[in-house]
Amino acid sequence: MFQETPIYSRLIAERGDIPLQVRSEADRIRRDLEAVMRVAPSPASGLPGQLGFPGPPR
């Protein structure tokens, strides 16, 4: 697979492991979306499977 090179190691030391940070953030977003998608759809929603979100406060 991928072998680290000296420049890659130096960039990680200087700037941080950006690919790891991006993967971590993508995993967090995926978990958040899965939690939202598990919410049961509201009977008032327009389309089957569409989530019904509350409107603005009155």
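Predicted model: local features only at pLDDT ≥ 70, side-chain atom pairs only at ≥ 80, totals over all residues.
Residues are numbered from 1 along each chain as its sequence is written, and side-chain values use heavy atoms, with hydrogens and water left out.

The protein has two helices and zero strands, where helices (H or I, at least four residues) and strands (E, at least two) are DSSP runs numbered from the N terminus. Of its 58 residues, 3% count as buried, a term for under 20% relative accessible area, with exposed meaning over 50% and partly exposed the range in between (1.4 Å probe, protein chains only). The protein exposes about 5,600 Å², of which carbon and sulfur atoms supply 62%, as given by the Shrake-Rupley method with a 1.4 Å probe.

The structure holds five salt bridges, each a side-chain nitrogen of Lys or Arg within 4 Å of a carboxyl oxygen of Asp or Glu. One of them joins Arg28 to Glu25, with the closest N and O atoms 2.6 Å apart; because these residues stand three apart in helix α2 (residues 18–37), about one helical turn separates them. Arg28 also forms a salt bridge with Asp32, at 2.7 Å between the closest N and O atoms, and this pair lies four residues apart in helix α2.

Arg30 is partly exposed at 41% relative accessible area, and Glu34 is partly exposed at 37%. Salt bridges that share partners join Glu25, Arg28 and Asp32 into one network.
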